[in-house]
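The sequence and structure come first.

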Amino acid sequence: LTTSGEREYIEMTMEAARDLWGEKDAEKMRQQIESTTSAVWRISQADPGPMTEPATKLRHRDRI
Amino acid sequence: MKPYMMSLTEASDAIQRGELTPTELAESLLDRINETEPRIHAWVTIDPEKVMREARSATETKPGSRLHGVPIGVKDIYSTAGVRTTMGSPIYRDYVPEIDADMVKKIKDLGAIMLGKTETTEFAVHDPAPTRNPWNTHHTPGGSSSGSAAAVACGMCPAAFGTQTGGSVIRPASYCGVVGVKPTYDLLSRAGVYPLSWSLDHVGYMTRTVEDAHLMLCALTGDEKKWVPREKPPRIGVLRGYFKENAEQDVWEGYEKTIAELWGEGADMIDLVLPESFRHVHDAHRVIMAAEAAAAHEDLFREKKHEYGEYIQGFISSGLLVSATAYLRAQRLRTMIINDITRLIGEYDCVACPSTMDTAPEGLEWTGSPAFNAPWSLTGLPSVTVPSGLSKDKLPMGLQLISLPYSEWKLLEVAGWCEEKLGLGNRPKDPYDPED
């Protein structure tokens, strides 16, 4: 992921969308798929470090 | 004053003192709905006979709580026993739940009356409801809690429930010139509310005054605290940076004017710099919301994809393509952002930014951008919007205040202080159509 460009990554994802839902539906949904895929690509460029745990359970109560 | 014009607190106090009956209040609100609903379209389902039956019953009962006999609107993604709950989707057009969502049960147990179900965008996402903004009926009221905000703004009810995953409580409240509260994540139960994104969904509500918001918070948390208007000027961190770069000029000028006014009233207004991790907010929010929405809708979507609106079809499909590692990376960045933002807020009573990047957009095709609210949904921090003035086009603008987890009480104190100093009215707005 880190070695490919954003555009290539989007096209790779669109290819998967075409396989799943067909050419016509995938193109109709292109804008949403591109937006989410761009966000995925951009966060792939950020390194939170392996010690940063996911916030799958918010722990606000532990903070106070 | 007609009962529909009363704030929640005024109506509640009048009922407690025996100066107003729940029957009189319900009649007045239903009259107001009859008068304004044809121009606003805030309601999906309302049963006047049932409302009046419950109001008469409440009139015959001694008030046991501050919400006794008060009608409250409920967004149409909250389950309501025996009352149609559509989620704003044709898929659920005839769905009648058997049980109430926790928050609905809570207000009923306190003697409140479920007035009806308010319009929402489809599954609380994007595809708009038919609701119009009372300040200008050619403009959106915002979304996704469109009907709740518009109904409170024009006096159809003194309070209404909404939900927020991105900006669905604060944005419509701001666009409609009312107070909106999005409490800390998980403070109020989401049980019985149709999920969009489990780790981002918040239960919230709208009222016309901050004191009313305090009363609602007392009722919903069961924590009875007396409303004491704050006297000491607050210490507020002022956010600019990202917000200045993305706000429309009118909104930004209004925000700067508000900050100057509050400073002039004695508030300590300190410039803050957003942490570096803030630049990941919208990408992390998007990835988490898309992936969780896809997971929540996966089975129904497989079966009824073509009954979903165009936007949400694309949104869910995009989430189905997010990998597990991408989702977890977004959640790890979220941890960094939460840590950085809570450190930033640390020593202040709260931080401030505009409630929305613009005023309510013209047209009903979309409900506006949640960009100024999504950071606080992502971090799960409590936020509130207080009306702060009108734009050149006479549309409401809001001041958004954010504080540390579980500091809602202090946040509302500060919001009340700002509300008093900004001195805007809070009576219901008669629907305005510039072509009338």
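A salt bridge (a side-chain nitrogen of Lys or Arg within 4 Å of a carboxyl oxygen of Asp or Glu) joins the side chains of A:R42 and B:D283, at 2.7 Å from N to O. Between chain A and chain B the count is two salt bridges. Twelve residue pairs, both at pLDDT 80 or more, are in polar contact between these chains; a polar contact is a pair of N or O atoms within 3.5 Å, where within protein one must be able to donate a hydrogen and the other to accept it, and residues adjacent in sequence count only if both atoms are side-chain atoms.

On the side of chain A that touches chain B, at least two residues each come from helix 1 (6-21), helix 3 (30-44) and helix 4 (60-63). Helix 3 of chain A gives the most, with nine residues. Helices (H or I, at least four residues) and strands (E, at least two) are DSSP runs numbered from the N terminus.

This is a predicted model, in which local features need pLDDT of at least 70 and side-chain atom pairs count only at pLDDT 80 or more, while totals for chains, interfaces and linings use all residues. Residues are numbered from 1 along each chain as its sequence is written, chains are lettered from A and ligands numbered from 1 in the order in which they are written, and side-chain values use heavy atoms, with hydrogens and water left out.

The contact (heavy atoms within 4.5 Å) takes 32 residues from chain A and 39 residues from chain B.

The structure also holds four cavities of 30 Å³ or more. On a 1 Å grid over the protein atoms alone, a cavity is a set of points where a 1.4 Å probe fits but cannot get out, and lining residues have an atom within 4 Å of a point. Grid points are joined across faces, edges and corners, and a volume is the space filled by probe spheres set on the points.

| Cavity | Volume | Element giving the most residues |
|---|---|---|
| Largest | about 50 Å³ | helix 9 of chain B, four residues |

The residues lining the largest cavity include B:V251, B:Y255, B:P354 and B:M397. Both chains line the second largest cavity, with A:Y9, A:T36 and A:V40 among the residues of chain A and B:S318 and B:L321 among those of chain B.

Methods. On a 1 Å grid over the protein atoms alone, a cavity is a set of points where a 1.4 Å probe fits but cannot get out, and a pocket is an open set with protein on both sides within 12 Å along at least five of seven lines; lining residues have an atom within 4 Å of a point.
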